[in-house]
Amino acid sequence: MCYAIPALLIAIEGNIGIVDYFGEKRKILLDLEFEPVKVGDYIYAQGGVFVRKIAPKEAEEILAHWRNVFFELKKTDEALSRIDQDKLSSNALAILQKVNLQKTLKKSELLELFKLKAPEELSVLYEIANNVRQREHGNASCIHGIIEFSNYCSQNCCYCGIRADRVGLTRYRLEIEEILAIAKNAIDKYGFKAIVLQSGEDYWYDDAKLEKLVRNLRKMGVLVFVSLGLRSEETYRKLYKAGARAALMRFETSNEEIFSRIRPGTTLKDRLKLIRSLKDMGYVIATGFLVGLPGETDEDIVNNILLTKSLGPDMYSFGPFLPTIGTPMEKAERASKELILKTIAISRLVDYGSNILVTTALETLDKEAKREGLLAGANSMMINITPEKYRSLYAIYDNRASIDTVVSKAVQETVDLLYSLGRAPTDLGFISG
Ligand code: 5AD
Ligand code: SF4
């Protein structure tokens, strides 16, 4: 079984390829430096980015399997994406009608939506966001594998359970060869097409080690996603050269005062500067924030969404703040599920074409939250492929969901969830307009 769908390249315009995906046209960013392609080739792409070519015979076999499943899934997705607008107040309805007309919503309107509370109104907000997701992405969704390869961190973010000063936590770091072996196993066994390499800010991994890791991982024919924290621009430049094409870096909050309180020793300005530089270097960007930090207002969250958009990301990544024992914020209140679902929905209304992740932190809040997030505008997921013995040690927050789930089960559960929602577990990029 392969969890990605090959696509036929039907046109090339500069570094943009147009692919055909069961009759829908999508645009993807090619990587001609890595692998030249021509019209008529079959390729894999993830999140709108070229991954690799695939032999025609193999592609046609996989497509034959998918052709049967795909149209069934699509019907389910379309049925689940209908909207029942009758439940909405006239004011909220007027704002949401602008979404149908593809008009940009003003900040005051976003704030008004954010303040919706009645369950029946919220359910319409989620339905509309889900409908936009369906309109923009069809039923495609992407699944990335994530390896948390070190829980050492030189930073001291007040909310985080692997901060440098956290005592009583067993620290681990994996050797480069070990990380590559984990990735190879997941790619061979489950067909992952994108691998996220995540760690604390751990300078034990110098540039040479990271370059070796990225280079060898890219050779396995996957999109290499790095999530390494505030490393230097030079390091990120070298990693791009080695084959990394996507970078995950949250700015955590757009409120400077809260930022300086929770991330001592760093500034919001520096973080944003690095995110912008990564984009300039050519990285596909995933960014976002923590939802529901203590002291944050609804307006702060709307500002967070707008700041995310202004960074031009390909993927929105946010999760609820969860207090962690042994950190300075252990007594703070955790974010509510409603807050994060609203954040997902409003992000979708602000940035129609974006990929929006449902994260493990959301799942930790509540078992159903992942499904609800996918029905409120989200379309992407990550599966933790870190070996089980290390997973509980990557303790950024307490009681993380899925820390005991073996990879095969996590993959199966994810695919089952996507199928039950009529989603195809692939993402070839945006529908070409
Ligand atoms: N609750 C939720 N998310 C957290 N992160 C770190 N600590 C917590 C916490 N207590 C998130 C941060 C960081 C990512 C790696 O993990 O947003 O960017
Ligand atoms: Fe380190 Fe990231 Fe945790 Fe901050 S949030 S302490 S940078 S792992």
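For the residue classes in these notes I count Ala, Val, Leu, Ile, Met, Phe, Trp, Tyr, Cys and Pro as nonpolar, Asp, Glu, Lys and Arg as charged, and the others, Gly among them, as polar.

**Ligand 2.** I'm working from a predicted model here. I started with the shell around ligand 2 and got five nonpolar, two polar and two charged residues. Cys153, Cys157, Cys160, Tyr159 and Ile162 are in that shell, and each of those residue types goes under nonpolar.

**Helices α5 and α6.** Next I looked up how α5 (residues 176–190) lies against α6 (residues 207–218). Their axes come within 10 Å and cross at roughly 20°. Angles under 35 degrees count as roughly parallel, so I put α5 down as roughly parallel to α6. I also noted the hand of the crossing, which is right-handed.

Which residues make the contact? From α5 I listed Ile176, Glu177, Ile179, Leu180, Ala183 and Ile187. The α6 side brings Lys209, Lys212, Leu213, Asn216 and Leu217. Sorted by class, the contact of α5 with α6 comes to seven nonpolar, one polar and three charged residues.

**Domains.** Last, I checked how the chain is divided. Domain 1 covers 7–78 and domain 2 covers 136–425. I have their C-alpha centres 26 Å apart.

Notes:
Residues numbered from 1 in each chain as written. Chains lettered and ligands numbered in written order. Predicted model: local features only at pLDDT ≥ 70, side-chain atom pairs only at ≥ 80, totals over all residues. Heavy atoms only, no water. Axes fitted to C-alpha atoms, helices over the stretch in contact; angles between N-to-C directions. Helix = DSSP H or I, 4+ residues; strand = E, 2+ residues; numbered from the N terminus. Parallel < 35°, antiparallel > 145°, perpendicular 65-115°, else oblique. Left-handed = near helix turned anticlockwise from the far one by under 90°. Contact = heavy atoms within 4.5 Å. Near = heavy atom within 4 Å. Domains from an automatic or database assignment.
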